Amino acid sequence: MENDSLVFHGDLQQLLEKVETGEMIPKLQASHAPMCKFFTAYYVISGIRHVVPLVHGPTGCPLYMSDFVRTRECCEIRGVPLEPTACTTLDESHIIYGGEGKLLEAVKEAYAKYHPDLIVILSCCCSGIIGDDVESIAREAEKQVGCRVLALRSEGFGGDFRSGYEDAFKLIMELMDPPKTMMKGTINILGARWGPSPTEFNWDLDEIERLLSAIGIKINAIIAGGCTVDQIRHAREVELNASWCYDWGQKLGDLMQEKFGIPYSKTGQPYGPEATKEWLLGVATPLGMEEEALAVIEREMKEVEPDLAYLRQALSGKTAIIEISEFPGPIRALSLARMAEEFGARPVVINVHPYTIKERMPSIKYILGTGLNPEIILTRGLFRLGSFRSSKETEDELEAIVRMYDNVIFFGNSGRFPPCPVVNLSLMNPAFQPQYGYKGIKNIAALVRQALENRNLPRSRLFRGMLYGTGKR
Amino acid sequence: MAPENDEEPAGRKIPVPESCTDPYLRCAFNGAAQTALGVAGSALLAHSPQGCEYLVNNAFASQECDYMETVTLCTKLCVDEIVHGGEDILARTIREAKDLPISALFVISACGPEIVGDDIVAVCETLQPEVKFRLVPIPSPGFRGSQYDGIDIALDTILKRLVKTGTDTIPGSVCLIAPHANANPTWQADLAWVKQALSRMGIPVVATLTHKTPLSEIENCASAETSLLLSHDAGQKAADYLSTTSGIEQVCKGIPLPIGLTNTQRWLAALGERFGAEKTAESMVAEGEKMVMATCRRKWPMARFLYRTPAAIVADATIGIPLVRFVTEEMEMTPELVALYTSQRSVRELLERELRDIGISPKVVYGTDVYKTKMGLDEVRPKVIFGSTIERHACRGLPVPYVVEVVRIMRQFRMINREYFGYTGILNLFECVQNEWTMAWRSKEKRYEAKW
């Protein structure tokens, strides 16, 4: 590979330092735009049952939410009934004269139409810039309707995607009543979002719930993955908070610990046997259920022993090149790096954008704190103007990187065509889900087996041409 | 969506505008992006916070752009730019794009920069000498209205900024307007059918506003003798502008678009008459009707079993209005609810004329939103709905056996674009009914387990 194609080659700690010192600018190029604060706030809020997210803005802001999140994801895939995505439909006159009056009417109308348990006003760019006082309106409206009314300042310009998640989780804390009792052996799972059913990857959370149930641990609420307002009200009565993903649960976990004194189990994603054990013990030990957890772990480990043996044999001595830069995200890539290392492979994570390092700083630091510090490569193509979906330049660079190493296996998705076995970890294929926990070990072993045993089968000329064109390579 | 600014007919009670809606339509910014992305060899720069880029992505998909050919950029405005202005970052981003191999860069601005007063027109004028491509600013904040308003805004800019005046008229030619203001998820096939029909009648298309339209076509669009509007929801202003400024006559005005036998016959006949191609139009109608009937004879559309079944139509006006006659006449159902996304006067007049002519009086909801649709369905209790995935879920709990998804389909299941216009369009709509009929009849549970 030509040296000028490599922008960074070092380890995670060094990359973090470069981002922190400003040597690498954590800014996405103009052709790459992640979700805005409003989107992510909506994701979290819509994860509460019988809520009306009331968007105080023009019709463009809620439409992606109502089409993609509500109708396609929730109704079509997750068995959630059609829920409202209400909007005040601000127009030019409201921009000039203000939209507070209309907002107050809209809250009352929303209550009359939808009979919700909760209304959350989400402000957008327009209402934010013109200075509509959404909090005061929420307070006023609450006196006039029969449910709680909260307001969230979620203007798209007001922060990056992460701030929407975090502010929404913070807002949810306002619904939590002082505890009247303690629910023994019960936890909340934090950090879920995306529609009123468990998180965007149901299978992973199902696996967590299965294991917790086997240990005898009960779940009060999955916040905010399909929980009810009532469950949130009782959220302070649990013994412990845990997170389905450290990255997303961390903020709410820390806040609830700080404000309410509820301990928070800080563990990474349960990829592979060690991380899964850590996750389960991280929850069971503080609850005094360590023995039960160890028994479950032992039983489950026996169940997956053939898969563990296969993964050890298959991955030992290999270089595992890992690329999960867009979906489902870099934290999974790093969790996989840990799993690969556990089975004797040398992980090399490629193309984690400095922007991602900045946005996920607490999680990156946590991961480094666990002792994981994988080799990282960033290539020039990562910073070029182009499509988010696919870039021929990064594909060419990936292929060149693979040639730099011996005995390589690639963990990513089937949209890449490196000259080595490809483990397809796309979350778009439910045939091999979940990836968490012991079922995850079985699935990942099956994916590795498919990659290695079929390494000599031809790759699709059609899909390659579709993604990268048919021009001279 | 907000009620549009047309006066109500005399004597009718003006409904109180609602404060809380659950809209079907996207905003003006999205409509402008859809229109700009229909220009081939161009790129689009959204001067907006990063979330608005998702409205651009939606437009990108709607226009079937290819990410290997079309780049979209975003200034990703943050608090700093809202407080201090975003013109500098806009200029920087345009400079960043200066090596792109394009003929035009459309700069569309969203709510934020428009409220704080960023002058995208001035920035484009200043930067124009530095870049090889045309800079086309389109101020199109979401609060200016619905996606259809955005289409009108963008078409207005395109016509005023890019079209050359004083060009020679090409006799018997046509300019197609707003093919993309159509809720058929594969509307490109409707456009293709129109082009094929025009070609058969010997009518040259000077320009399409817009879909894969080279800048050179747009520049010459004033040389068209006529214009043909392909939407009942947007584009009328563009047709009026061309008429006023260049004397371009609008053809097929006030006729429902060609969905179903009668509508297609009427539309083709009008074209044939205007362009002196009556005989060709007649043969197209005869051949088309023969083909549809012969195909149905061989394939047996199950739609024939839905005779006098109460139906609801929930769609944009472009598909919804022509569907009324098709559903009533060709499929023999009884429309009992017609809910249209838009409510402008031309839409009301056209639908009301059609209802009178057919002799039916269903419940009509103009400018519907999801709530009004759900309430309408609850009141009317149809057995068949022609609508979208939303209505499939909105009718839960109601005894609706068939929801025929023809617009705004959330699961993109078509690899080949399917038209609703014309004769194959009739078969495509029958196929939608057929598939829904099959699904409704499929056994959901087995009565016992097989032994093997």
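Guide:
**Domain 1 of chain B and its surroundings**

In chain B, 19 residues of domain 1 are in contact with 19 residues of domain 2, where two residues count as being in contact if their C-beta atoms, placed from the backbone, lie within 7 Å. On the domain 1 side of this contact, α1 (28-36) and α7 (147-162) of chain B each supply at least two residues, and α7(B) gives the most, with 8 residues; helices (H or I, at least four residues) and strands (E, at least two) are DSSP runs, numbered from the N terminus. By class, that side of domain 1 of chain B has 9 nonpolar, 7 polar and 3 charged residues, with Ala, Val, Leu, Ile, Met, Phe, Trp, Tyr, Cys and Pro counted as nonpolar, Asp, Glu, Lys and Arg as charged, and the others, Gly among them, as polar.

This is a predicted model, in which local features need pLDDT of at least 70 and side-chain atom pairs count only at pLDDT 80 or more, while totals for chains, interfaces and linings use all residues. Residues are numbered from 1 along each chain as its sequence is written, and chains are lettered from A and ligands numbered from 1 in the order in which they are written.

The domain assignment of chain B gives domain 1 (28-162), domain 2 (170-255) and domain 3 (301-439), the bounds coming from an automatic or database domain assignment. Between domain 1 and domain 2 of chain B, the C-alpha centres lie 24 Å apart.

Chain B also has an open sheet of 4 strands, with parallel pairing and the order β2-β1-β3-β4; two strands pair if DSSP finds at least two bridges between them. Its edge strands are β2 (72-74) and β4 (134-139) of chain B, each of which pairs on one side only. On average, neighbouring strands of this sheet are turned by 20° against each other, direction ignored, the axes being lines fitted to C-alpha atoms, for helices over the stretch in contact, and angles running from 0 to 180 degrees between N-to-C directions. Strand β1 (residues 42-47) of chain B pairs with β2(B) in the parallel sense over 3 bridges, and A46(B) has C74(B) in β2(B) as its bridge partner.

The contact between the two chains takes 50 residues from chain B and 50 residues from chain A. By class, the side of chain B that touches chain A has 28 nonpolar, 13 polar and 9 charged residues.

Further along chain B, strand β9 (residues 310-315) is mostly covered, with 5 of its 6 residues buried, a residue being buried if 20 or more other C-beta atoms lie within 10 Å of its own, exposed if 12 or fewer, and partly exposed in between, with C-beta atoms placed from the backbone. This strand β9(B) runs parallel to strand β10 (residues 334-340) of chain B, joined by 6 bridges, and A312(B) stands opposite L337(B) in β10(B).
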